[in-house]
Amino acid sequence: ADAPIGTGSFYQAAQACHALGTRLCRFEEWSSACRNDPAFITTVTANEWVDDAANSSAEAKVMGTGTDGLTNVTNFACRNGFSFEFTTIQAYRCCISR
């Protein structure tokens, strides 16, 4: 499993991926990779930006820690996420469109 390639704000992460000819991974891609590749979760050491709406004009979605939307328990898991202001520094990884 590929590890995050860097840290930055949401916009910095999106621009860095674009400069590599890739894009931020979408929620579905991140979650699927985490659930289906046992090695993936070992590469997640902090929240990571994903390219997904956070239902907010001031925040973007991160995966790694948070809640699963079904419980009020905050923890670390493949299906857990949260949202942070666009300017918050978070880890990120890029995906390739196929």
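What percentage of the 98 residues in the chain is buried? Buried residues, those under 20% relative accessible area with a 1.4 Å probe and only protein chains counted, make up 38%. This is a predicted model, where local features need pLDDT of at least 70 and side-chain atom pairs count only at pLDDT 80 or more, while totals for chains, interfaces and linings use all residues. Residues are numbered from 1 along each chain as its sequence is written, and side-chain values use heavy atoms, leaving out hydrogens and water.

**Overall build**
- Two helices and seven strands form the chain, taken as DSSP runs (H or I, at least four residues; E, at least two).
- Read from the N terminus, their order is β-α-β-α-β-β-β-β-β.
- Along the principal axes, the C-alpha atoms fill a box of roughly 35 × 30 × 20 Å.

**Nonpolar cores**
- The largest nonpolar core has nine residues, including Phe 10, Trp 49, Phe 86 and Tyr 92; such a core joins buried Ala, Val, Leu, Ile, Met, Phe, Trp, Tyr and Cys residues through side-chain atoms within 4.5 Å.
- Helix H1 (10-19) and strand E4 (59-66) each supply at least two residues of this core, and H1 gives the largest share, three residues.
- Apart from this core lies another of seven residues, among them Cys 34, Val 44, Val 50 and Cys 78.

**Contacts**
- Leaving aside residues up to four places away in sequence, Cys 17 touches Thr 22, Arg 23, Leu 24, Tyr 92, Arg 93 and Cys 94, with contact meaning heavy atoms within 4.5 Å.
- Of the chain's contacts with a separation of 6 or more, 62% link residues 24 or more positions apart.

Methods
Buried means under 20% relative accessible area, exposed over 50%, partly exposed in between (1.4 Å probe, protein chains only).
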